[in-house]
Amino acid sequence: MVASNLKSETMDLMQKRSAIEAQMDAIISRLCQPGGPGLSGNLVDSEGFPRSDIDIPVIRSERRQLTELRNDHTEITEKINQNIQILHSAKPASSLALSKDAGNTEVSNGQRSSVTTVAVPSSNVSSTAMDIDANGGIPFALVDEIADASPAADDGLQLGDQVLKFGNVEGGDVLLHRLASEAQSNQGRPIPVVVTRHGTPVNLTVTPRSWHGRGLLGCHFRML
C-alpha cells in the first residue's frame, strides 16, 4: 500500500514537472524571440536609457518567474529521484528470477554458471548478464520519467533504469544534447541500449518514433 501511494505521488510529481517545463519553454520562447532581450540581455540601450522597443516590467516579471520555475523544477526532480530510490530499495527480491534451466545458463571452460535474468515482457530485451557488451561500464543517465504506451516503454525501458549505453553515446560531455541528437538521427531505426536494472545489466533495442505523446521516446533522462 505504501509503495502504491509513493508511486502515485511520484507520477503526480512527474506531471507537475512536465507542466513546469512547458511554462519554462513558453517564457524562454517569448524572451528569446527576434528582437527580444533573451534570458540575460540588457534592458537599456547603448546610452544607458531604458529600451523603448520592449516592455521592461513584463521582461523582468518573466525572468523572475523563470527563476522561480527553475527552483521548483529542481526541487520536484530531487523529490522524484528520492521516491524512485525508495521504490527500488523496497522492490522484493522476487522481481528477479534466477535462471536454472540449461537454455538460460552460460557455460565457460566446461563450468555451468547461474545467470540472473530480469523478467521484462518485451521481445526487444536481452536480459542475460553474460550477453551484455557494456558490462562493467559506468551509468551516465537515469530514466526518471517514462510515459505509458510510449516508444521507450513499449521497447522495454523502465523507470529507474540507469543507462550505460545509448547507441553511440557512452558518457562524456553535453550528454542531453547528444542523447537527443542520437534519437533524432535514428528516427525509425533501432538503437542498441544497455542499462542496469536492480544491479543487473540489460540489453535493449529502442526505436525512436512518432507517437501520440511528446518527443520520439516518451521518457526523461537525468544525468548522473
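What percentage of the 224 residues of the protein count as buried?

1. Of the 224 residues, 39% count as buried, where buried means under 20% relative accessible area with a 1.4 Å probe, protein chains only.

2. This is a predicted model, in which local features need pLDDT of at least 70, side-chain atom pairs count only at pLDDT 80 or more, and totals for chains, interfaces and linings use all residues. Residues are numbered from 1 along each chain as its sequence is written, and side-chain values use heavy atoms, with hydrogens and water left out.

3. The average pLDDT (the predictor's confidence in each residue, from 0 to 100) is 77, and 78% of the residues score at least 70. Residues 93–123 have pLDDT below 50, yet this stretch has 47 contacts in the model beyond near neighbours in sequence; a contact means heavy atoms within 4.5 Å.

4. The protein has 4 helices and 10 strands, taken as DSSP runs (H or I, at least four residues, for helices; E, at least two, for strands) numbered from the N terminus. Mean pLDDT among these elements is lowest in strand S4 (residues 115–118), at 34, and highest in helix H3 (residues 151–154), at 93.

5. The whole structure holds 1 aromatic pair; rings of Phe, Tyr and Trp (its six-membered ring) pair if their centres lie within 6.5 Å, with planes under 30 degrees apart counted as stacked, over 60 as edge-to-face and the rest as tilted. Phe166 and Phe221 form this edge-to-face pair, at 5.9 Å centre to centre and 70° between the planes. Phe166 lies in strand S7 (residues 162–166) and Phe221 in strand S10 (residues 219–223), 55 residues apart. Both Phe166 and Phe221 are buried.

Notes: Buried means under 20% relative accessible area, exposed over 50%, partly exposed in between (1.4 Å probe, protein chains only).
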